[in-house]
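Please look over the sequence and the coordinates shown here before reading the notes.

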Amino acid sequence: MPTSRRWAVHLLVVVGALVMLYPLFWLISSSFKPNDEIFSSPGLVPQTVVADNYATGWTALGVPFSGFFANSFLIAAAAVVGNVMSCSMAAYAFARLSFRFRKLWFAIMMMSIMLPIHVLIVPQYTLFKYLGWVDTFLPLIVPKFLAVDGFFIFLMVQFIRSLPRELDEAARIDGCGPVLVYWRIILPLSRPALITTAIFTFIWTWDDFFSQLVYLSDVSTYTVPLALRAFLDSSGGSSWGPMLAMAVLSLVPILGFFLIFQRRITEGISTTGLKG
């Protein structure tokens with residue numbers, strides 16, 4: 001590729017990156033602006049720097065924002081553990097074990113991926129209401145231990161199918177049953193897919209708003225997305241400065257998590273779908 005063309009491509013990529021990152025830069029900049037300047041000035045450099053937005057936003061809802069962070073971390077961490085455990089076991093069964101109607105159940109699992117949450121939320125809410133779980137974390141955590149995320153099951157199935165079956169046969173010769181084969185052979189070798197599942201589960205659970213809005217109504221149980229929504233009043237007004245300041249803080253765990261495990265995400269996705 002000629003040098004001039006390569007520079008043109010790089011310039012186009014840089015411009016595109018700046019366009020994509022502008023909302024993030026605007027969010028950070030606006031968190032240091034007074035309310036009357038946030039929407040009156042589209043520039044990224046604040047005319048008046050207001051650092052009090054962070055202090056005000058931290059206690060604006062009557063309780064420290066650290067409580068909302070703790071709730072989000074608890075739900076996200078439990079969801080990660082549940083998905084990694086249950087989805088890996090379900091994937092192992094589909095990929096390695098033989099049982100009646102395996103192909104039918106696998107097809108049903110694949111079809112469940114296409115069902116939007118809005119179709120399932122009413123019967124789920126009715127069930128959890130009957131169990132007395134509404135306004136607790138249980139509806140957001142317990143289903144994760146029941147292998148309800150078909151996408152991650154499919155991802156792990158494809159990865160496990162890429163592992164040589166000779167490893168299973170060697171383990172069986174040594175006296176390992178299906179459980180030990182899963183625990184000692186499949187699980188350690190599936191580390192890239194497990195890490196990918198953990199990363200995406202954490203990010204999606206942290207960013208989830210709809211499910212948490214449905215099941216959580218007490219302020220003490222609010223997560224970060226619900227707490228940010230609480231800055232808006234019924235008339236549409238808002239304490240924009242404090243809200244944007246807390247929005248910036250809410251991005252820190254996600255950005256940090258992504259930057260730390262970025263290579264693992266690429267590795268997990270690139271090695272999924274290969275067949276031995």
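F152 is buried in this predicted model, with a relative accessible area of 2%, where buried means under 20% relative accessible area, exposed over 50% and partly exposed in between, for a 1.4 Å probe and protein chains only. W204, by contrast, counts as partly exposed at 45% relative accessibility. Residues are numbered from 1 along each chain as its sequence is written, and side-chain values use heavy atoms, with hydrogens and water left out. Because the model is predicted, local features need pLDDT of at least 70 and side-chain atom pairs count only at pLDDT 80 or more, whereas totals for chains, interfaces and linings use all residues.

**Aromatic rings**

- Rings of Phe, Tyr and Trp (its six-membered ring) pair if their centres lie within 6.5 Å, and planes under 30 degrees apart count as stacked, over 60 as edge-to-face and the rest as tilted; by this rule there are 21 aromatic pairs.
- F65 and F68 form an edge-to-face pair, with 5.2 Å from centre to centre and 85° between the planes.
- F65 and F68 are three residues apart in helix α4 (residues 65–96), so about one helical turn separates them; helices are DSSP runs of H or I with at least four residues, strands are runs of E with at least two, and both are numbered from the N terminus.
- F65 is buried with a relative accessible area of 0%, and F68 counts as buried at 2% relative accessibility.
- F152 and W204 form a tilted pair, because their ring centres are 5.4 Å apart and their planes stand at 35°.
- With F152 in helix α8 (residues 150–161) and W204 in helix α11 (residues 191–207), the pair ties together parts that are 52 residues apart in sequence.
- A cluster linked by ring pairs takes in W58, F65, F68, F69, F73, F202 and W206.
- R161 lies over the face of F106, at 5.3 Å from the ring centre; a charge sits over a ring if NZ of Lys or CZ of Arg is within 6 Å of the ring centre and within 35 degrees of the ring normal.

**Helix packing**

- α8 and α11 pack with their axes 10 Å apart and at an angle of about 165°, where axes are lines fitted to C-alpha atoms, for helices over the stretch in contact, and angles run from 0 to 180 degrees between N-to-C directions.
- That angle makes α8 roughly antiparallel to α11, since angles under 35 degrees count as roughly parallel, over 145 as roughly antiparallel, 65 to 115 as roughly perpendicular and the rest as oblique.
- α8 passes α11 in a right-handed crossing; a crossing is right-handed if the near helix is turned clockwise from the far one by less than a right angle, and left-handed if anticlockwise.
- The axes of α4 and α8 come within 8 Å and cross at roughly 50°, which makes α4 oblique to α8, and their crossing is right-handed.
- For helix α9 (residues 165–173) and helix α10 (residues 178–189), the axes come within 10 Å and cross at roughly 155°, so α9 is roughly antiparallel to α10, and α9 passes α10 in a right-handed crossing.

**Annotated spans**

- The unreviewed UniProt entry places the feature "transmembrane region" at residues 7–28, 68–92, 104–125, 137–160, 181–206 and 240–261; these positions are in the numbering used here, feature names are shortened, and annotations may be inferred rather than shown by experiment.
- Residues 68–92 are 100% helix and 0% strand, and the end C-alpha atoms of the span lie 36 Å apart.
- Residues 104–125 are 86% helix and 0% strand, with 27 Å between the end C-alpha atoms.

**Separations along the chain**

- A245 lies in helix α14 (residues 240–270) and is buried with a relative accessible area of 0%; its C-alpha atom is separated by 14 Å from that of S66, 179 residues apart along the chain.
- F209 lies in the loop between α11 and α12 (210–215) and is partly exposed with a relative accessible area of 30%.
- The C-alpha atoms of F209 and P225, which are 16 residues apart along the chain, are separated by 5.8 Å.

**Whole chain**

- The chain has 14 helices and zero strands, and its C-alpha atoms fill a box of roughly 75 × 65 × 30 Å, taken along the principal axes.
- Of the 276 residues in the chain, 37% are buried.
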